[in-house]
Amino acid sequence: MHPPRTFILGRRVGVDVLTAVVDRSGRGGTRKVKAAFEDVAARYAEHGLRVSWPVSAEIVSMAIMGATKSQDSSHTLFVSVRAVESGLLDGLIAHEMGHMLRTESGHASHNAEVFRALSREVRIPRAAEGAFSAAFNHIQDIYADDYAFLVFSTDGDDRAYEFFSQWIEGNASMRGRNRWKNVGLAATNGFALGNLLRHGRLSRDDPLWERAHAFDREAGFEAVAALADFYAKLPEDPSPETFVTQVNTLATVMTRAASS
Ligand SMILES: [Zn+2]
């Protein structure tokens, strides 16, 4: 048995924050997730950042790489089988932990009170809801990644660049006839470029720009430059009012593209 003193110290450094890893996929990987979680948590701790609510992790089969659900002062981390079986597990956990840190600190982008203000003050057409909610999630992703970039892809490697350039390649084949769906994909391209730009990982003459412009051209609008600029320049720690204004700016850029 550990003496109580040791236990308290352990809590304080965040060792016990991961309460469980459950494999719902039947494909295994619980130890791998636990090890990656602890490694990323230790890297965050070097920057003075610690998740303090308890986290339970679940390995699930799903289309997206991962997700976090936070409520009642605890987090559930969903990790896809694909993330466990790829080399991207630590990047995914760094990203999801970024969401957890933003939620715990009540950052405007991850704050239930601000969400209520948004639902009152941001008006979007019904047809735009899917595209807009994806674009809004990317605002949250920017703020999660402002943390994740501190601990992931730091040593001059280009994993982030490779990861996001694949998004832009993938979106090229997903373009369809629905205008709003295409605007939503353009927002994803804008996020991918803007995120890299924000962290100094993309030059202005990178070939990815042309790929993203070609997407817009073929869809019949021109939005990616404005969208990338929007995501790249989101203020670090906006007040609720500033944040609402930012979200309205995004709605305006997307509506303009959809109706052009
Ligand atoms: Zn995310």
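How do α8 and α9 stand relative to each other: roughly parallel, roughly antiparallel, roughly perpendicular or oblique? Hold that thought until the last view. This is a predicted model, where local features need pLDDT of at least 70, side-chain atom pairs count only at pLDDT 80 or more, and totals for chains, interfaces and linings use all residues. Residues are numbered from 1 along each chain as its sequence is written.

**View 1. The open sheet of 4 strands.** The strand order is β1-β2-β4-β3, with mixed pairing (pairing takes at least two DSSP bridges between two strands; strands are DSSP E runs of at least two residues, helices H or I runs of at least four, numbered from the N terminus). β1 (18-23) and β3 (66-71) sit at the edges with a single partner strand each, so one side of each lacks a neighbour in the sheet.

**View 2. β1 beside β2.** β1 pairs with β2 (residues 55-60) in the parallel sense, over 5 bridges. Ala-20 has Ser-56 in β2 as its bridge partner.

**View 3. α8 against α9.** Helix α8 (residues 179-198) packs with helix α9 (residues 207-219) at about 170°, axes 10 Å apart (axes are lines fitted to C-alpha atoms, for helices over the stretch in contact; angles run from 0 to 180 degrees between N-to-C directions). So there's the answer: α8 and α9 are roughly antiparallel (over 145 degrees; under 35 is roughly parallel, 65 to 115 roughly perpendicular, the rest oblique). From α8, Asn-182, Ala-186, Asn-189 and Leu-193 meet residues of α9 including Trp-209 and Phe-215 (contact puts C-beta atoms, placed from the backbone, within 7 Å).

Terms used: Two residues are in contact if their C-beta atoms, placed from the backbone, lie within 7 Å.
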